[in-house]
Amino acid sequence: MATVTGEILIARNPATNAEVGRVIVTPAEEVGEIVERARIAQREWARVELKKRLELIGRWWKLLSREAHSWADLIRDEIGKPRIEALAADVLPTLDALRWTVRNAKHALRHEWAKPGWQRWLLASTGRIDWVPVGVVGMIGTWNYPLFLNTPLIAHALAAGNAVVWKPSELASISGARIQRSLEVSGMPAGLVSTVIGDGQVGKALIDSAIDKGVFTGGVENGRRVLTALAERGIPGVAELSGYDPAIVLGDAPLDSTIRAITWGAFVGCGQTCVSIKR
């Protein structure tokens, strides 16, 4: 739960209504300026060799690892999850994703050779495909997994040489602000990643700003609005809008364990999970 009072967003525990924390709201009119500062930082970051980028992401990963239990407590308090679920389904997958990034980004971003193949009749010669940063990635995050569904996306963008300006859900603003602090403690260059706090107006200002790519995680209706706004300006976008996932139970399935598994799969995260069983 969250309420906005003037320039302050107050986060509350959805189970007890106790105050979890307060964070300053970012004025929507300042979002464009923040994106421009990120662009300046990105130009320098793109010139940093990949090895150095991954070293900084590795420091971030280790910092989050040391703070794993306090992260589980915060997610429990702000989102309302059982602590064991916050740790097992949010914190640990985040650490695993960052570890994968540090260990595999060099392979994923390596250049590739394109052979003439079927374009031989055009006299196309062998070419090399290189990956280059897109620039500033504008990202609107989600609340149900405030660490796992946001942190790896930031890490991937940084590994590829991009800057990130992102808005955490107003229902996970304290977690979002803590992610920002952890990046700064890890030594990320100033302005390279910026967190803007607020409601849908701040999110709209981010999507309407001069970003080079948009990323949205959330509901279908808002996702369509975001993709439409980006497409009208020719800006690429990625949206994860959940699904309508079935559970298929075959006739020879062991009934007791199947019932337990399906029940957990349907109600994990109070059912507010993108891959939870819907039917």
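Biologist: How many bridges join strand β9 to strand β10, and are the two parallel or antiparallel?
Modeller: This is a predicted model, and in it four bridges join β9, residues 213-217, to β10, residues 237-240. The two strands run parallel.

Biologist: Which residue stands opposite V215 in β10?
Modeller: That would be V238. Another pair to look at is T217, which stands opposite E240 in β10.

Biologist: What does the chain pass through on its way from β9 to β10?
Modeller: Helix α8, residues 220-232. The β-α-β crossover made this way is right-handed.

Biologist: And which strand is joined to β9 through the pair I140 and F216?
Modeller: Strand β6, residues 136-140, which runs parallel to β9 and is joined to it by four bridges. I140 has F216 of β9 as its bridge partner.

Biologist: Is β9 mostly covered or mostly open, then?
Modeller: Mostly covered, with four of its five residues buried.

Biologist: Okay, switching to the core. Which residues have the most contacts inside the largest nonpolar one?
Modeller: V91, I154 and L158. That core has 63 residues. As background, nonpolar side chains in soluble globular proteins tend to be buried together.

Biologist: What is V91 in contact with, leaving aside its neighbours within four places in sequence?
Modeller: You'll find A68, W71, A72, I75, A86 and L147 there.

Biologist: Let's do helices. Which residues of α2 are buried?
Modeller: R53, L54, L56, I57, G58, W60, W61, L63 and L64. Helix α2 covers residues 50-66, and its 17 residues reach 24 Å from the first C-alpha to the last, close to the 24 Å expected.

Biologist: What covers those buried residues of α2?
Modeller: The cover includes helices α1 (31-45), α3 (68-79), α4 (83-108), α5 (151-159) and α6 (173-185).

Biologist: How about α9, how far does that helix reach?
Modeller: From its first C-alpha to its last, α9 reaches 18 Å, close to the 18 Å expected for its 13 residues, 255-267. T258, G265 and A266 are buried in α9. They cover an arc of only 95° around the axis, so they lie on the same side of α9.

Biologist: Which residues are exposed on the other side of α9?
Modeller: D256, R260, W264 and F267.

Biologist: What happens to the backbone just after α9?
Modeller: G269 takes a positive phi of about 65° there. C270, in the segment after α9, also has a positive phi, about 55°, although it is not a glycine.

Biologist: Is C270 buried or exposed?
Modeller: Exposed, because its relative accessibility is 65%, and over 50% counts as exposed.

Biologist: Last one: where is G198, and is it buried or exposed?
Modeller: G198 is in the loop between β8 (193-195) and α7 (200-208). It counts as buried, because its relative accessibility is 2%.

Biologist: What touches G198, leaving aside neighbours within four places in sequence?
Modeller: G198 is in contact with V25, K167, P168 and E170. As for N17, it is 181 residues from G198 in sequence and 20 Å from it in space, C-alpha to C-alpha.

Methods: Residues numbered from 1 in each chain as written. Predicted model: local features only at pLDDT ≥ 70, side-chain atom pairs only at ≥ 80, totals over all residues. Heavy atoms only, no water. Core = buried A, V, L, I, M, F, W, Y, C linked by side-chain atoms within 4.5 Å. Buried < 20%, exposed > 50% of the residue type's maximum accessible area, 1.4 Å probe, protein only. Contact = heavy atoms within 4.5 Å. Pairing = 2+ DSSP bridges. Right-handed = clockwise from strand over helix to strand, strands pointing away. Expected span 1.5 Å × (residues − 1). Arc of directions from axis to C-beta.
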